[in-house]
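Grab a pencil and work through a few exercises on how two parts of one chain meet. Try each task before you read its solution.

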Amino acid sequence: MKKITAAITGVNGYVPEYILGNQELETMVDTNDEWITTRTGIKERRILKGEGKGSSVMGIKAVQGLLEKTGTKAEEIDLLICSTVTPDMQFPATGNIIAEAVGAKNAFSYDMNAACSGFLYALITGSQFIETGKHKKVVVVGTDKMSSIVDYSDRATCIIFGDGAGAVLLEPNEDGLGIQDSILRTDGSGEAYLHMKAGGSRYPASEETLAKNWHTIHQDGSTVFKFAVSRMADTAEELAKKHQLSGDDINWLVPHQANKRIIDATARRIDIPDEKVMMNIQRYGNTTNGTLPLCLWDYENQLKKGDTLILAAFGGGFTWGAIYLTWAYDAK
Ligand code: UT7
């Protein structure tokens, strides 16, 4: 029997309409376009407006478009995994809400949280269900409404994040295309440097947690930056070396979009020139679980069957990792 690999057979993205540009941020906090551009590479990000709208709103749009593009019936989906740090609610899972809205009646669905590395973790988790032969169609959707947990008076953090979602379809492949290998890592000591303190079981919402501003992201930016640069680059390099992939062998680096300087450092380490690095941070900022699928969506037309891709991410936890995959289809 031929070995089954899990291949991405379609990708779709969704970003909300409202554009929060650097100029508008200048009116909100003490910052300026030049600082944001040179320190992060970000020019604008999208914000989901409207009362009662959570991350599922964007996830639903991303998955609906994915099913349409790939000609997939919602009832055919076996499993839907949603990676998010901004679920609509503590429970039920945002994945359940998305599955219900798209009509995935035969799927089981759940959420995963590995902060900015969530999509990497979810993609590898979804791929295992395909590789065993148990499931034929798995949707992995990354969605985050980061604007719901950003403190817009903290200039070092609010300039980075934006809202968005992306989704991929995973299907079995018997020609060796799809996910080849991965290295995923965690270091829980990172909690101190990147977290949202309240709203969970340790500090449920109270007047005190609100007064202390514990329901928004706390980030020690420069510490996270140093870890991100070394860990993301180390892991991408380790994976490339393990498979004897030189810069020439790799067609695309698909990096988490947190800071252009982190992306550049990772690309340099594995010897990838700028034109082979997917980058949309200038338009969307850091959409956390949305960054990787939004990159694949933006660059889908340039991807060819057989292309070698390295996906890499770093995030809260700390969590980080890299995936080596072979693209399975030519752009239509
Ligand atoms: O995706 C999840 C993981 N997250 C990341 O990977 C983010 C990693 N960290 C970063 O991207 C960067 O650390 C930031 C973009 C968050 C901050 O950039 P930085 O170059 O590390 O700046 P810094 O925090 O070291 O601050 C340098 C200076 C400070 O001023 P002084 O103390 O030197 O006078 C800050 O107060 O820049 C100041 N500053 C700003 N100035 C203008 C911080 N934020 C701003 C701002 N506008 N928005």
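Buried area is the accessible area, with a 1.4 Å probe, that two parts lose on being put together, summed over both. Keep in mind that this is a predicted model.

**Exercise 1.** Find the two domains and say how many Å separate their centres.

*Solution.* Start with the domain assignment: domain 1 covers 5–176 and domain 2 covers 180–326. Next, take the centres over C-alpha atoms, which puts domain 1 and domain 2 14 Å apart.

**Exercise 2.** Work out how much area domain 1 and domain 2 bury between them, and which residues of domain 1 lose the most.

*Solution.* First, the area: the two domains bury about 3,600 Å² between them, and 61% of that is on carbon and sulfur atoms. Then look at the domain 1 side, where Cys-116, Leu-120 and Tyr-121 lose the most area to domain 2. Together they make up 18% of what that side buries. As for contacts, 48 residues of domain 1 touch 46 residues of domain 2.

**Exercise 3.** Count the salt bridges and polar contacts between domain 1 and domain 2, then describe the domain 1 side.

*Solution.* Lys-69 pairs with Glu-300 in a salt bridge, with 2.6 Å between the closest N and O atoms.

Methods:
Residues are numbered from 1 along each chain as its sequence is written. This is a predicted model: local features need pLDDT of at least 70, side-chain atom pairs count only at pLDDT 80 or more; totals for chains, interfaces and linings use all residues. Side-chain values use heavy atoms; hydrogens and water are left out. Domain bounds come from an automatic or database domain assignment. Contact means heavy atoms within 4.5 Å. A salt bridge is a side-chain nitrogen of Lys or Arg within 4 Å of a carboxyl oxygen of Asp or Glu. A polar contact is a pair of N or O atoms within 3.5 Å; within protein, one must be able to donate a hydrogen and the other to accept it, and residues adjacent in sequence count only if both atoms are side-chain atoms. Helices (H or I, at least four residues) and strands (E, at least two) are DSSP runs, numbered from the N terminus.
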